[in-house]
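This briefing is for a reader new to the structure. It starts with the whole chain and then turns to the ligand shell and some local features.

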Amino acid sequence: MKALITGASGFIGSHLAQRLIDMGYEVHCLRREASDVRWLKGLNVNFVYGDCRDRASLEGRVRGYDYVFHLAGLIKANDEADFYTVNEKGTQNLIEAVDRNNHDIKRFVYLSSLSAYGPASGVEDLPSEDDRPHPVSHYGRSKLKGEEVVINYSSRIPVSILRPSVVYGPRDRQFCLFFRLINKGVVPYWGKGHTSLVYIDDMIDAIVLSVIKDEAIGKVYFISDGMVYSNDRIIEEIEEALGRRAIRLRLPRMLLRLIGIFGDRIGKITGKTSMINRDKIREIMYNDWVCDITRARRELGYNPKVGIREGMRWTADWYRIHGWI
Ligand SMILES: NC(=O)c1ccc[n+]([C@@H]2O[C@H](COP(=O)([O-])OP(=O)(O)OC[C@H]3O[C@@H](n4cnc5c(N)ncnc54)[C@H](OP(=O)(O)O)[C@@H]3O)[C@@H](O)[C@H]2O)c1
């Protein structure tokens, strides 16, 4: 089986590349000239050069694959337009190229996000895939637009869409920020809320299952570890994993907005994108980012195995070993 992965230099993509190689796939990775491919070094992968924003760079490079895993995406940006350029238009460019050049494709998987659905209105009745999306950030809206692009091709290409909750584990830079802060003894706290999480190995299970199961064609699936965690519990588990206790630095939501504006300014000045920016704060303003994975369990046979206790411990160990904390 021959697979193309976009976003293979990133956190989730690099783990997917490793898994597909272990499963005996011939793995090709779309990368840009400037991509940092450190996680792919030593793996038996072939590189294909292209940028999702550049239609011409994809033309002719998507031929002959049984599976295309579209993971390339922008998760933070200094300019909101960039989210749409990569997550919506980039997806359009890629699937258009697949449609023109690859008539025998068995599956096109699009990695969307819980952000494309939006926040939940509590944790009693968890959102399911049949509920109407209402994203609250530009990131979320751009991922939903990406979904719409993919669905538009579903009569010509067998597609599947996954909407992961927060993914954590080795190589993840987003969660690492919290580990670092807690390790230093202080953690920002903006009030009660709930989050669905998924450990990277379970996330990769879900991606692989989505191409194995025919039932997944044309469908959207929420992916988490099946639990709902309070934000307090998540902090406690990271503390436990690090063997540290951190002071909760209570931040009023008004202040969060200012921090977001500050993050944007710093990003524009330095040219780097800050983890904390206005778009991220738009999401943090909502308490509950949770989902129901009944459909993935039933139709994909998805059975997450890693709970928060071991997941956070393994992640902390990896961060320590690699000097990230
Ligand atoms: N991490 C999470 O918690 C999470 C949760 C839900 C959904 N997701 C989705 O999962 C996907 C992967 O996320 P991640 O956490 O692995 O992100 P990541 O580590 O930031 O990786 C993003 C990947 O996308 C590639 N990319 C960005 N712009 C591109 C472009 N114009 N053309 C080609 N490749 C491009 C990057 O390549 P370069 O190395 O060249 O920059 C990188 O390989 C994203 O689509 C994201 O929306 C992530």
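Helices (H or I, at least four residues) and strands (E, at least two) are DSSP runs, numbered from the N terminus. On that basis the protein chain has twelve helices and 14 strands. Its radius of gyration, taken over C-alpha atoms, is 19 Å, close to the 20 Å that the globule rule (2.2 Å times the number of residues to the power 0.38) gives for 325 residues, so the chain is as compact as a globular protein of that length.

The model is predicted: local features need pLDDT of at least 70, side-chain atom pairs count only at pLDDT 80 or more, and totals for chains, interfaces and linings use all residues. Residues are numbered from 1 along each chain as its sequence is written.

**Whole chain**
- The C-alpha trace spans about 55 × 45 × 40 Å along its principal axes.
- Of the 325 residues, 47% count as buried (20 or more other C-beta atoms within 10 Å of the residue's own, C-beta atoms being placed from the backbone; 12 or fewer is exposed, in between partly exposed).
- Two residues are in contact if their C-beta atoms, placed from the backbone, lie within 7 Å. Among contacts between residues at least 6 apart in sequence, 78% join residues at least 24 apart.

**Ligand shell**
- Of the 26 residues around the ligand, Gly7, Gly10, Ser35, Ala72 and Gly73 come nearest.
- Helix 1 (11–22) supplies the largest share of the shell, three residues. Helix 3 (80–101) and strand 7 (166–168) each supply at least two.

**Helix 1**
- The buried residues of helix 1 include Phe11, Ile12, His15 and Leu20.
- Glycine 24 follows helix 1 and has a positive phi, near 90°.

**Helix 3**
- Helix 3 has a kink of about 30°, centred on lysine 89; the bend at a residue is the angle between axes fitted to the seven residues ending there and the seven starting there.
- Among its buried residues are Phe83, Val86, Leu94 and Val98.
- Strand 1 (2–6), strand 4 (67–70) and helix 5 (138–152) are among the elements that cover the buried residues of helix 3.

**Glycine 50**
- Glycine 50 lies in the loop between strand 3 (45–49) and helix 2.
- Glycine 50 counts as buried because it has 24 C-beta neighbours inside 10 Å.
- Leaving aside neighbours within four places in sequence, glycine 50 is in contact with Leu30, Ser57, Leu58 and Arg61.

Definitions and conventions
A residue is near a molecule or strand if its C-beta atom, placed from the backbone, lies within 6 Å of it.
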